[in-house]
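Here are my notebook entries from an afternoon with this model. Please keep the viewer open and follow along.

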Amino acid sequence: MEVLATAALGVALVVLGFGALVLRRLLIWKLLGLNVASGGAILFLVSLSYRPGGKPPLIGFPAGIPSADPLPQALVLTAIVIHFATLALSLAYAVSLAEQLHTQEAERIEEATEEEMER
Amino acid sequence: MTPALMGVLGYLVLGVLGFLTTRARLLSGIALLVGVTSFSLWFPGFPPDHLGLGIWAIPWQGDPLAAAFWGLSLFLHLILLLSERGWPRHFYALLTLLVGTILSLVLSLDLFNLYVSLELTSLIAFLLVGIEGRPAQVWASLKYLILTSCGMILYLLGVGFVYAKTGTLSLLEISSTISSGDLGLSLGVGLLVAGAAAKGGVFLLALWLPTAHGYAPSPVSALLSGLVVKMGIITLARLSTAFPIGNVLVAIGLVTGFLGVLHLFWEEDIKVFLAYSTMSQLGYILLGFGWEAWAGATAYGVAHGLFKALLFLAAGRAETEGRSRHISKLAGRLCTGTRLSLGVGTLAIVGLPPFIGYGAKGLLSSAAPPWGKWALFVLTLGTAASFTKLLPSIIRGKKAGMADGPPLLLSAAIFGGGLFLLIREPALRSFPLLLSTVGAIIAGGIVSPLMRKLPVSLPRWRLDESFLAFLFSAALLALWFLVR
């Protein structure tokens with residue numbers, strides 16, 4: 001039961017993050033929405049390693065006792081690193097845009113850059 | 001498999017070293033040598049093998065698709081090393097890393113390994129698009145980042161669903177159980193397809209593509225359009241070996257092909273024009289994989305990589321020589337070499353024999369179902385009609401500045417590859433195929449002035465519109481898989 005709730009919570013976070021991406025006008029909120037959504041995907045993935053009564057899967061663990069599935073945990077570690085890198089890069093780009101165009105609003109940035117390319 | 005692994009590792013190590021030293025271009029050249037040596041050792045292929053130990057080993061396979069893309073990646077790497085000087089050193093380091101990642105991606109048959117490689121190519125591509133730091137490029141890159149990251153989040157959810165249902169991530173071991181009507185598995189596959197398609201430049205899911213490829217520095221555009229965007233398509237092709245998604249690939253291929261051509265008619269910015277043309281060309285490749293015509297789809301992927309790289313490099317020169325990105329303002333201002341490159345690229349993309357575009361289109365067409373031949377005919381007609389727009393700039397211009405090494409090398413590959421296909425495949429020398437191709441090109445030339453007179457204003461795909469289109473089409477795809 002807990003595992004279903006956790007997985008559903010992960011999917012809900014993805015939906016919430018996507019919602020922020022649509023509804024918020026400021027770039028920084030959109031990027032935070034993206035980060036919430038990737039957190040949701042990670043939560044969903046790690047909830048899959050749950051086994052009823054499972055113990056942490058460590059080396060030297062006695063056989064015969066149920067252990068949590070180690071594979072999703074390994075995947076999640078990789079995914080966290082990737083999402084961290086993506087977030088860092090997107091924030092750096094957002095700062096660069098804010099410095100050059102003096103705005104954080106997606107629509108205004110869009111108009112300013114379209115003008116730049118028209119020239 | 002060991003030589004291929006050594007090649008990939010060599011590329012990645014030399015790429016990282018490139019950030020630390022001042023001789024990044026030299027290191028990139030050494031990486032290319034390592035790659036070529038490794039390729040010559042494992043060519044023409046190796047059977048599926050496992051990387052690592054136990055049940056978590058990652059399956060790798062050197063099939064013809066992987067071999068073709070190794071060849072294309074190494075060749076484009078050589079072209080960019082020859083043509084690009086004077087970039088900051090991290091440009092060359094990123095180039096090395098990007099090619100290395102692509103070399104590993106095309107060999108992989110593991111859902112999560114594909115995910116990591118896709119994300120890595122995206123991250124490097126974001127850095128390359130914004131490398132000059134101009135706001136339009138940074139914004140194009142950020143849109144690319146946001147939309148593909150959302151796609152990859154869906155892909156990750158899909159990995160979760162498939163792993164929960166099958167207990168494995170290896171595409172070799174996942175049997176085609178989707179027809180059993182398991183809702184979780186169907187939804188998972190739908191999410192995987194939507195995620196990979198958002199990365200692979202499929203229309204309505206990947207509307208970051210026109211600005212990212214259009215506004216990036218020209219050598220980067222050449223690499224992105226020629227190589228990087230096809231990684232999503234290759235992922236879709238790999239998925240189609242484990243799951244029955246052929247019909248979906250045909251459907252999204254048709255949508256991408258036709259909507260891309262539609263945008264081509266009324267787009268005036270030369271590089272954005274080429275970017276939309278990439279989207280429509282990806283439609284051909286998707287159709288090929290959907291029809292299980294792997295030879296044709298692979299040939300088309302390589303052919304498009306060659307001629308689109310040539311076109312983007314030429315467009316970069318045209319932008320400098322013509323002091324404008326507007327196609328109608330370029331006529332009369334371009335030098336001979338640029339016009340020659342644009343000409344060869346145009347003839348190849350519309351599929352005039354004996355250029356490689358014809359061979360690849362012919363291979364696809366001979367494997368297509370009867371209605372598919374008509375779809376390809378109309379697509380070719382549309383491509384030819386829209387590319388007539390470039391003719392004035394190709395015909396009129398200065399008589400100075402001959403083509404130099406890299407464009408000539410690319411043109412030679414386009415011509416030689418076409419001749420190679422013509423000699424090897426007897427199906428390409430059939431009279432009806434020749435007639436229909438040339439007929440489509442001529443009809444396109446006639447239709448073009450009529451089409452361009454229509455007053456049409458196409459939507460501008462800003463971030464919010466693109467994201468809503470992405471959500472809409474991802475939901476549509478998921479629904480398709482659930483209902484089946």
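**Entry 1: a starting residue**

I began at B:Val36, which I found in helix H2 of chain B. I counted 17 other C-beta atoms within 10 Å of B:Val36, so it is partly exposed. My cut-offs are 20 or more other C-beta atoms within 10 Å for buried, 12 or fewer for exposed and partly exposed in between, with C-beta atoms placed from the backbone. I then looked up B:Leu476, 440 residues along the chain from B:Val36, and the two C-alpha atoms are separated by 43 Å.

A note on conventions: this is a predicted model, in which local features need pLDDT of at least 70 and side-chain atom pairs count only at pLDDT 80 or more, while totals for chains, interfaces and linings use all residues. Residues are numbered from 1 along each chain as its sequence is written, and chains are lettered from A and ligands numbered from 1 in the order in which they are written.

**Entry 2: chain B as a whole**

I get 21 helices and two strands for chain B. Its radius of gyration is 21 Å, close to the 23 Å of the globule rule for 484 residues, so chain B is as compact as a globular protein of that length. That radius is taken over C-alpha atoms, and the rule is 2.2 Å times the number of residues to the power 0.38. Along the principal axes, the C-alpha atoms of chain B fill a box of roughly 65 × 55 × 50 Å. I find 61% of the 484 residues of chain B buried.

For contacts I ask that two C-beta atoms, placed from the backbone, lie within 7 Å. Of the contacts in chain B with a separation of 6 or more, 79% are between residues 24 or more positions apart.

**Entry 3: the domains of chain B**

Chain B is divided into domain 1 (1–108) and domain 2 (245–453); such bounds come from an automatic or database domain assignment. Taken over C-alpha atoms, the centres of these two domains of chain B are separated by 28 Å. Their contact takes nine residues from domain 1 and 11 residues from domain 2. On the domain 1 side I sorted the residues into eight nonpolar, one polar and no charged. My classes are Ala, Val, Leu, Ile, Met, Phe, Trp, Tyr, Cys and Pro as nonpolar, Asp, Glu, Lys and Arg as charged, and the others, Gly among them, as polar.

**Entry 4: a helix pair**

From H5(B), B:Leu114, B:Leu118 and B:Thr121 meet B:Met231, B:Thr235 and B:Arg238 of H10(B). I class the residues of this contact as three nonpolar, two polar and one charged.

Most residues other than glycine have a negative phi, and most peptide bonds are trans. I noted these exceptions:

- The bond from B:Phe43 to B:Pro44 is cis, with omega near 5°, and B:Pro44 lies in the loop between helix H2 (24–42) and strand S1 (46–51) of chain B.
- B:Pro353 and B:Pro354 are joined by a cis peptide bond with omega about 5°.
- B:Leu204 has a positive phi near 75° and counts as buried, with 20 C-beta neighbours inside 10 Å.
- B:Arg323 has a positive phi of about 50° and counts as exposed, with 10 C-beta neighbours inside 10 Å.

Chain A has four helices and zero strands. I find 30% of the 119 residues of chain A buried.

The contact between the chains takes 33 residues from chain A and 31 residues from chain B. H3(A) gives the largest share of the chain A side, 14 residues. By class, that side has 23 nonpolar, seven polar and three charged residues.
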